[in-house]
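Here's a quick tour of one protein model, written for someone who likes to follow along in the viewer. Have the sequence and the coordinates open side by side.

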Amino acid sequence: MTSPSAPLSGRVAVVTGASSGIGEHVARALARDGAHVALLARRAERLKEICSRIEADGGHADAFTVDVTVASALDDTAQHIAATFGPVGIVVNNAGIMLPTPVAGSSAEDWSSQTALNVDAVNNTVRAFSGQLIEAAAAYGAADLVNTASIAGRTLFPSYSAYAATKAYVIHLGRNLRAELGPRQVRVTTIEPGIVDTELQSKIPSAASRDRLEDTRSQIEWLLPQDVADVVAYAVSLPPRVNLAEIAVLPTRQPA
């Protein structure tokens, strides 16, 4: 039985890219609502800090240091989580990176690194946990796969074409996965945030690109990561008959 204060009680959740930003706050929100959360990322010390904070707040969380672009490592982690906590019923497929890729001046690595994390790692996560999601859905009545895309996957984003294309992939992947997994009571939700105040911008190597994004603050109040996290927590706590398939989460003043 769940309660209004802990609607996710008894469910096991996995969050990739959980060491900062949206991933960190999603993990905290799911734990707040009663889920036992496994945090996956590469930064071990940062994950431990977040888990300690969750435990101090009365939640339950464990850290798993893994590079989600390495399919075999992720498969091993998924099997360990299932053996320890039971089948995962919520997967938030969140790891990602945003780099500018102007046709003139960008490196091959800027393109390939985004494909590796924004596409390949998404695929790896789906593969690693889909069997567990189906098993959890049979027991609970529903399970949830949440993929983090971006509004950039639907609009023009000049000089960020590789990033935008990877997020368009995530959106279309979600539609197809929903058709395949929905009949098994696995709900697929694609979250498409607008501009969010996270580390994502700070990792852009070009100072000029960072400054252009920063300039938008004078016209737009950026989202906070917890804004997106609260939407995710709401979506996965709905009755099993309800699936929010695609959710655009935008700053009020951001047109698209």
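## Strands at the core

Two strands pair here if DSSP finds at least two bridges between them. Helices (H or I, at least four residues) and strands (E, at least two) are DSSP runs, numbered from the N terminus. With that in hand, look at Val92: its bridge partner in β5 is Val146. The model is a predicted one, so local features need pLDDT of at least 70 and side-chain atom pairs count only at pLDDT 80 or more, while totals for chains, interfaces and linings use all residues. Residues are numbered from 1 along each chain as its sequence is written, and side-chain values use heavy atoms, with hydrogens and water left out.

β4 and β5 pair in the parallel sense, over 4 bridges. β1 also pairs with β4, again in the parallel sense, over 3 bridges, and there Ala13 stands opposite Ile90 of β4.

β4, helix α4 (residues 108-140) and β5 form a right-handed β-α-β unit. Right-handed means that, with the strands pointing away from the viewer, the path from the first strand over the helix to the second runs clockwise.

Ala121 is buried, at a relative accessible area of 1%. Ala121 and Asn93 are 28 residues apart in sequence, and their C-alpha atoms are 8.6 Å apart in space.

## Salt bridges

How many salt bridges does the structure hold? There are 14, counting a side-chain nitrogen of Lys or Arg within 4 Å of a carboxyl oxygen of Asp or Glu. One of them joins the side chains of Arg11 and Asp144 (2.7 Å, N to O). Arg11 sits in the segment before β1 (12-16) and Asp144 in strand β5 (residues 143-148), so this pair ties together parts that are 133 residues apart in sequence. Both ends are tucked away: Arg11 is buried at 5% relative accessible area, and Asp144 is buried at 1%.

Glu192 and Arg154 meet in another salt bridge (2.5 Å, N to O). This pair links distant parts of the chain, with Glu192 in strand β6 (residues 186-193) and Arg154 in the loop between β5 and α5, 38 residues apart. Are the two partners buried or exposed? Glu192 counts as buried, at 1% relative accessibility, whereas Arg154 is partly exposed at 43%. Then there's Arg175 with Glu246 (2.7 Å, N to O): Arg175 is in helix α5 and Glu246 in strand β7 (residues 246-249), so the pair ties together parts that are 71 residues apart in sequence. Arg175 counts as partly exposed at 39%, and Glu246 is partly exposed too, at 33%. Elsewhere, salt bridges that share partners join Glu24, Arg28, Arg46, Glu49 and Arg53 into one network.

## Pockets

Rolling a probe the size of a water molecule over the atoms shows where empty space is left. A pocket here is an open set of points on a 1 Å grid over the protein atoms alone, where a 1.4 Å probe fits, with protein on both sides within 12 Å along at least five of seven lines; lining residues have an atom within 4 Å of a point. The largest pocket holds about 1,100 Å³ of space, a volume being the space filled by probe spheres set on the points, which are joined across faces, edges and corners. Its lining takes in 48 residues, with Ile97, Met98, Tyr163, Thr198 and Leu200 nearest the centre. The elements giving two or more residues to that lining are α1 (21-32), β2 (36-41), α5 (161-181) and α6 (207-215).

By class, the lining of the largest pocket has 25 nonpolar, 16 polar and 7 charged residues (Ala, Val, Leu, Ile, Met, Phe, Trp, Tyr, Cys and Pro count as nonpolar, Asp, Glu, Lys and Arg as charged, and the others, Gly among them, as polar). The second largest pocket has about 200 Å³ of space, and residues lining it include His25, Arg28, Asp57 and Gln226. α1 and α7 (225-236) each give two or more residues to this lining, and the largest share, 5 residues, comes from α1. The classes here are 4 nonpolar, 4 polar and 4 charged.

Note on methods: Buried < 20%, exposed > 50% of the residue type's maximum accessible area, 1.4 Å probe, protein only.
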